[in-house]
Amino acid sequence: MEKFKAYRLTETPEKKIRAEFVDTTLDQLDPGDVTVRVAYSSVNYKDALAATGKGKILRRASCIGGIDFSGTVVASSDPRFKKGDAVLTASGEYVGVSNDGGYAAYARVKGDWITKVPQGLSLWEAMAYGTAGYTAGIAVVRMEHNGLKPANGPVIVNGATGGVGSIAIAMLARLGYHVVALTGKESERDWLKKLGAKEIKLRSELDLSKIRPLDKATWAGAVDNLGGPVLAWMASTMKDNGVIGAVGLAQSAELHTWVLPFILRGASLLGINSGDSSNHIREAVWARLASDLKPPLLKEMARTIPFAELPGVFDDFMNARISRRIVVDLNA
């Protein structure tokens, strides 16, 4: 049987993660309904946590990494998919965590975990979005469902140069929102403006030691990738009926805030979970990612690396040296 390369993550007896290229075959992959010839995967923060062992991500002792991928169906026992279908997965719930993932020439998964690539999106573009872009898409869709619209006022996005943040900025700008990028990287000011941010606000401008229960009402919406004090500050500065999409916890998993913004201003805090969304939600969000949410600069927002270079990018992620999405070409 044909052998192909896979990037496998294994927990050692010392509770460390060994990440390495290995030869594998189709019969060594996890069981599943659909077998896919992988074209592209991507690198997300969760992938970096898993590969470096900096986060407790794997749910089993050994697993092929890569929480998302796009490719072409080569075999299927699921009637929803047939040979030749272009498909993607980008949730981070099972693939690359408890089931072999996208860092291999082939992947075999359950049909419930994948979605057909919608018209208007290529396999490469699907991974230029990847899990980060899909998460940003869910945030925008849910915030709009809860009343956010451009006329309500400005929307602030933190973690602005990261995968979720940068794509959220570009999506919101395309929809006509006045977007404010909150970042710790002043050197990325021009890039954030190019993505569509109307204003750049530096985190160093915030005094997070003196967060008030209610501060000046400023934001109609907010996308939070950090958690912790920055999220508490966002809550205190929401306008009446403002909406926050809580996406990540890159700064802290703790939140110390007050009830006042939520009962006196009617602010909403929405938890954005991309991990286990229903097929209906996935299809609806990806349809919008292929149409009205699609950033005009999507091709500039990601760079492509050959599979062989994958191990070299994880430390850059962990040390915040990445300012573009990274697409992994499984055929290069």
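# Reading the labels on a predicted model

User: Why is Lys15 called exposed?
Analyst: In this predicted model, Lys15 has a relative accessible area of 64%. Exposed means over 50%, so Lys15 is exposed. Lys15 is found in the loop between β1 and β2.

User: What makes the phi of Lys15 worth a remark?
Analyst: Phi of Lys15 is positive, about 65 degrees, although Lys15 is not a glycine. Most residues other than glycine have a negative phi.

User: Which value of phi does Asn241 have, and where does Asn241 lie?
Analyst: Asn241, also a residue other than glycine, has a positive phi near 60 degrees. Asn241 is placed in strand β13, residues 238-246.

User: Is Asn241 buried or exposed, and how do you know?
Analyst: The relative accessible area of Asn241 is 56%. The cut-off for exposed is over 50%, so Asn241 counts as exposed.

User: Which residues of α1 are buried, and what do they pack against?
Analyst: Helix α1 covers residues 45-52, and its buried residues are Asp47, Ala48, Leu49, Ala50 and Ala51. The buried residues of α1 pack against β1 (4-11), β2 (17-24), β3 (34-43) and α8.

User: Why is helix α5 described as largely enclosed?
Analyst: Helix α5 runs over residues 228-236, and eight of its nine residues are buried, so the rest of the structure largely encloses the helix. Among the buried residues of α5 are Trp233, Met234 and Leu231.

User: Why is Gly71 called buried?
Analyst: Gly71 has a relative accessible area of 0%. Buried means under 20%, so Gly71 is buried. Gly71 lies in strand β5, residues 68-76.

User: Which residues are in contact with Gly71, once neighbours within four places in sequence are left aside?
Analyst: Gly71 is in contact with Val36, Arg37, Val38, Ala39, Asp85, Ala86, Val87 and Leu123. Each contact requires heavy atoms within 4.5 Å. For a pair of C-alpha atoms, take Gly71 and Lys5: they are 66 residues apart along the chain and separated by 16 Å.

User: Which residues does Leu29 contact beyond its neighbours within four places in sequence?
Analyst: The contacts of Leu29 are Phe4, Ile64, Asp100, Tyr106, Ala107 and Arg108. Lys194 is 165 residues from Leu29 in sequence, and their C-alpha atoms are 42 Å apart in space.

User: What makes Tyr103 and Phe314 an aromatic pair, and why is the pair called tilted?
Analyst: The ring centres of Tyr103 and Phe314 are 6.5 Å apart, and the limit for a pair is within 6.5 Å. The planes stand at 50 degrees. Stacked means under 30 degrees and edge-to-face means over 60, so the pair is tilted. The protein has 10 aromatic pairs by this rule.

User: Why is this pair said to tie parts of the chain together?
Analyst: Tyr103 lies in the loop between β6 (86-90) and β7 (106-109), while Phe314 lies in helix α8 (residues 314-318), so the pair ties together parts that are 211 residues apart in sequence. Ring pairs also link Tyr103 and Phe314 into a cluster with Tyr7, Phe21 and Phe307.

User: How many helices and strands does the protein have, and what makes it count as compact?
Analyst: The protein has eight helices and 16 strands. Its radius of gyration is 20 Å, close to the 20 Å that the globule rule gives for 332 residues, so the protein is as compact as a globular protein of that length. The C-alpha trace spans about 65 × 45 × 35 Å along its principal axes.

User: What share of the residues is buried, and what share of contacts joins residues at least 24 apart?
Analyst: Buried residues are 54% of the 332. Of the contacts between residues at least 6 apart in sequence, 72% join residues at least 24 apart.

Technical notes: Residues are numbered from 1 along each chain as its sequence is written. This is a predicted model: local features need pLDDT of at least 70, side-chain atom pairs count only at pLDDT 80 or more; totals for chains, interfaces and linings use all residues. Side-chain values use heavy atoms; hydrogens and water are left out. Helices (H or I, at least four residues) and strands (E, at least two) are DSSP runs, numbered from the N terminus. The radius of gyration is taken over C-alpha atoms; the globule rule is 2.2 Å times the number of residues to the power 0.38. Buried means under 20% relative accessible area, exposed over 50%, partly exposed in between (1.4 Å probe, protein chains only). Rings of Phe, Tyr and Trp (its six-membered ring) pair if their centres lie within 6.5 Å; planes under 30 degrees apart count as stacked, over 60 as edge-to-face and the rest as tilted.
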